[in-house]
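The following exercises are to be worked with the sequence and the model side by side. Each task is followed by a stepwise solution.

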Amino acid sequence: MSTKRPRVLVLTCSTRPRALGPAVGRWLLDAVADRAEELEIDLVPVALADLDLPLLDEREHPSSGVYEQEHTRRWSAIVDAADGFIAVTPEYNYGMPAALKNALDYLGHEWAWKPIGFVSYGNTSAGTRAVQHAQQVVTTLRLVPIGATVAIRIGDAVAHGRLRPDTRRDALGVALLDELVRAAYALRPMRDRERAATVPGPLPGSYARRLTPLDAAEVTVLQRACWVEEALTNDTLDIPALHESLEQVTAWLADWRTTGLWLDGRLLGMVRIRRAEGDWQLGRLAVVPDLRGRGIGRWLLRTAEAAAGAESGRIVLHTGARSLRNIGLYESEGYRSTPDVGPTGTVRLAKTHA
Ligand SMILES: Cc1cc2nc3c(=O)[nH]c(=O)nc-3n(C[C@H](O)[C@H](O)[C@H](O)COP(=O)(O)O)c2cc1C
């Protein structure tokens with residue numbers, strides 16, 4: 001859930017010929033299609049039968065992430081790109097089908113901190129024992145089972161190999177999707193923190209990652225909160241960060257390399273940098289008001305400078321002429337004021353990036 005719409009895999013878990021599973025999966029996809037559009041998520045049907053996964057044949061433990069087999073790499077990429085799962089599963093001998101257990105066993109980190117919901121089907125128990133069995137297993141993988149389920153008694157629900165229309169069941173399917181998507185968003189900070197594209201931040205548990213246009217809402221709130229003090233200090237409302245629209249923020253997030261510092265889903269700070277006219281332009285250094293004085297601004301500044309990489313040149317920025325605290329920070333990091341003219345009421349500072 002970083003630069004794309006959230007993606008929910010609908011896993012059809014039975015693999016035998018003429019199985020009922022595909023019909024149950026089709027019902028679910030139809031029942032929740034409209035809600036998926038409202039929630040702006042992608043539903044991706046995946047039949048375990050199509051994956052051609054033999055019984056686990058990797059030499060290394062899945063937690064190593066070392067995969068020798070092409071089928072494992074393919075499955076890993078599919079699961080890694082997902083934000084949540086709905087398993088459409090039968091009950092076989094009071095448990096989950098072996099194909100589902102095998103597909104789970106193949107991977108490790110790809111499952112972590114993603115929600116999983118179940119649509120089960122069977123005879124008297126409506127597949128609920130398969131769900132209980134699967135729930136025990138999935139928690140080991142840091143998959144997070146949600147409470148909402150749909151349990152279908154075949155005798156009541158199926159006629160001629162298809163599910164009979166049932167608006168109550170449809171509503172349960174939608175409720176399951178709703179809960180799954182909420183859990184997927186809530187777990188996002190847990191997922192983000194473990195991704196390779198993040199770096200540990202200066203506060204325990206915090207992490208930094210590149211911000212994208214999908215972060216525009218948080219960025220807009222952060223900059224409005226942070227630049228109020230600038231407005232008061234410099235006695236002006238003529239500060240773009242104060243009144244940029246969501247669309248304008250979305251647009252510049254696509255152009256700048258912006259680093260965001262996060263803690264448990266909260267955006268604590270940010271900074272942006274880009275190459276322009278032979279210089280590095282740096283700006284929008286912001287830290288939430290309640291966490292000032294903890295070294296976050298300095299950390300962000302250095303992180304942005306590091307993002308400039310090996311390409312040398314001046315790093316230039318501007319800040320309010322009366323923003324003495326900001327100026328003090330920049331000067332202590334080697335920035336010096338330049339004679340260039342910046343926007344009215346600002347000073348321009350620069351340092352050479354080696
Ligand atoms: C190997 C096997 C074991 C089964 N065990 C159970 C069971 O424990 N409980 C149950 O309610 N139904 C059980 N059934 C009946 C299934 O619920 C029913 O056949 C269902 O259609 C299986 O799903 P599928 O057609 O998608 O494979 C079992 C079926 C099979 C093939």
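**Exercise 1.** Is H160 buried or exposed?

*Solution.* The model is a predicted one, in which local features need pLDDT of at least 70, side-chain atom pairs count only at pLDDT 80 or more, and totals for chains, interfaces and linings use all residues. Residues are numbered from 1 along each chain as its sequence is written, and side-chain values use heavy atoms, with hydrogens and water left out.

Step 1. Apply the classes: buried means under 20% relative accessible area, exposed over 50%, and partly exposed in between, with a 1.4 Å probe and protein chains only.
Step 2. H160 has a relative accessible area of 82%, so H160 is exposed.
Step 3. Locate the residue: H160 sits in the loop between β6 (158–159) and β7 (162–163). Strands here are DSSP runs of E of at least two residues, helices are runs of H or I of at least four, and both are numbered from the N terminus.
Step 4. Inspect the backbone: phi of H160 is positive, about 55 degrees, although the residue is not a glycine. Most residues other than glycine have a negative phi.

**Exercise 2.** Which loop holds E277, and what is its phi?

*Solution.* 
Step 1. E277 lies in the loop between β11 and β12.
Step 2. Its phi is near 50 degrees, a positive value in a residue other than glycine.
Step 3. E277 counts as exposed because its relative accessibility is 77%.

**Exercise 3.** Describe the surroundings of the ligand.

*Solution.* 
Step 1. The ligand is surrounded by 14 residues, each with a heavy atom within 4 Å of it. The closest are R16, L20, Y92, Y121 and N123.
Step 2. Sort the shell by class: seven residues are nonpolar, five polar and two charged. Ala, Val, Leu, Ile, Met, Phe, Trp, Tyr, Cys and Pro count as nonpolar, Asp, Glu, Lys and Arg as charged, and the others, Gly among them, as polar.
Step 3. A polar side-chain atom of Y92 lies at 2.4 Å, a side-chain N or O atom of Y121 at 2.6 Å, and a backbone N or O atom of Y94 at 2.8 Å.

**Exercise 4.** How many residues line the largest pocket, and which strand gives the largest share?

*Solution.* 
Step 1. A pocket is an open set of points on a 1 Å grid over the protein atoms alone, where a 1.4 Å probe fits, with protein on both sides within 12 Å along at least five of seven lines; lining residues have an atom within 4 Å of a point.
Step 2. The lining comprises 46 residues, with W227, E230, L285, T319 and N326 nearest the centre.
Step 3. β12 supplies the largest share, seven residues.
Step 4. By class, the lining has 18 nonpolar, 16 polar and twelve charged residues.

Methods: Polar contact = N/O pair within 3.5 Å; in protein donor to acceptor, adjacent residues only side chain to side chain.
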